[in-house]
Amino acid sequence: MAAPTLTDANFARSVVFVIDHRPAGTLGVVLNRPSEVSVADVLPTWGPHTTTPHAVFVGGPVEQRTALCLAALRTGEDPARTGGVVGVRGPVALVDLDGDPEDLAPRVRGLRVFAGYSGWDRGQLDGEIRRGDWYVVPALPDDVLAPPGYDLWGGVLRRQGMPLALVATHVAEPRRN
């Protein structure tokens with residue numbers, strides 16, 4: 001979760017789902033940046049299977065010509081036994097976009113495609129967290145599939161309890177307050 005003081009255009013008020021965190025670095029995707037591009041326009045076979053708004057989301061500033069896909073598997077589906085996915089955390093899995101969406105569709109509650117990703121080199125993210133740029137909070141599978149118009153940043157903060165929940169009341173543009 002981006003702290004309100006993080007004003008970088010790529011990450012202001014962003015919710016980043018961390019896919020992989022290792023000593024060598026961290027990789028994640030921004031969950032709350034839909035683009036104007038339809039998934040059907042760039043990955044036609046996957047377009048009908050994506051969660052509304054059926055848009056490609058901007059996963060971050062790194063390699064924006066690379067597509068990543070996250071899915072929330074249905075209850076009872078095990079990522080280790082589901083073809084075409086690699087488990088990330090709980091029912092959330094990375095999807096192999098070279099696979100057949102028709103085979104995977106019955107096993108997922110929803111999926112989202114991201115252009116690019118957010119990446120940090122060794123120790124970089126830890127330094128940003130120590131500086132107060134980020135809050136580290138647990139993710140829920142539904143965060144990956146948040147509906148259009150929902151304030152994911154505020155919603156995730158509000159469910160953290162006090163005092164962090166108060167941060168959700170921070171206005172996006174303090175000058176307009």
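# Close-up views of the predicted model

**View 1. The largest pocket and its lining.** The residues that line the largest pocket divide by class into 16 nonpolar, three charged and one polar. Here Ala, Val, Leu, Ile, Met, Phe, Trp, Tyr, Cys and Pro count as nonpolar, Asp, Glu, Lys and Arg as charged, and the others, Gly among them, as polar. The model is predicted: local features require a pLDDT of at least 70 and side-chain atom pairs a pLDDT of 80 or more, whereas totals for chains, interfaces and linings use all residues. Residues are numbered from 1 along each chain as its sequence is written, and side-chain values use heavy atoms, with hydrogens and water left out. The space in the largest pocket amounts to about 410 Å³. Twenty residues line the largest pocket, and Val 16, Val 18, Tyr 135, Val 136 and Val 137 are the closest to its centre. S1 and H3 are the elements that give two or more residues to this lining, and S1 has the largest share, with four residues. A pocket is an open set of points on a 1 Å grid over the protein atoms alone where a 1.4 Å probe fits, with protein on both sides within 12 Å along at least five of seven lines; lining residues have an atom within 4 Å of a point. Grid points are joined across faces, edges and corners, and the volume is the space filled by probe spheres set on the points. Helices (H or I, at least four residues) and strands (E, at least two) are DSSP runs numbered from the N terminus.

**View 2. The second largest pocket.** About 200 Å³ of space lies in the second largest pocket. Its lining comprises 15 residues, of which Asn 32, Pro 34, Gly 149, Tyr 150 and Leu 152 are the closest to the centre. By class, 10 lining residues of the second largest pocket are nonpolar, two are polar and three are charged.

**View 3. Aromatic pairing of Phe 11 and Trp 134.** The structure contains four aromatic pairs. One of them joins Phe 11 and Trp 134 edge-to-face, at 5.5 Å centre to centre and with 75° between the planes. Phe 11 belongs to the segment before strand S1 (16-22) and Trp 134 to the loop between helix H3 (124-131) and helix H4 (152-158), so the pair links parts that are 123 residues apart in sequence. Phe 11 is buried at a relative accessible area of 11%, as is Trp 134 at 7%. Together with Trp 120, Phe 11 and Trp 134 make up one aromatic cluster. Rings of Phe, Tyr and Trp (its six-membered ring) pair if their centres lie within 6.5 Å; planes under 30 degrees apart are stacked, over 60 edge-to-face and the rest tilted. Buried denotes under 20% relative accessible area, exposed over 50%, and partly exposed the range in between (1.4 Å probe, protein chains only).

**View 4. The largest nonpolar core and the ring of Phe 17.** The largest nonpolar core has 30 residues, and those with the most contacts inside it are Phe 17, Val 29, Leu 31, Leu 70 and Trp 134. At least two residues of this core come from each of S1, strand S2 (25-30), strand S5 (62-73), strand S8 (108-121) and H4; the largest share, four residues, is supplied by H4. Such a core is a set of buried Ala, Val, Leu, Ile, Met, Phe, Trp, Tyr and Cys residues joined through side-chain atoms within 4.5 Å. The charged end of Arg 89 sits over the ring of Phe 17, at 5.1 Å from the ring centre. For this contact, NZ of Lys or CZ of Arg must be within 6 Å of the ring centre and within 35 degrees of the ring normal.

**View 5. Backbone geometry at Pro 53, His 54, Glu 63 and Pro 163.** Thr 52 and Pro 53 are joined by a cis peptide bond with omega of about 25°. Pro 53 lies in the loop between helix H1 (39-42) and strand S4 (55-58). In the loop between H1 and S4 there is also His 54, which has a positive phi of about 60° although it is not a glycine. His 54 is partly exposed, with a relative accessible area of 33%. Glu 63, in strand S5, also has a positive phi, near 45°, and is partly exposed at 48%. A further cis peptide bond, with omega of about 0°, joins Met 162 and Pro 163; Pro 163 is in the segment after H4.
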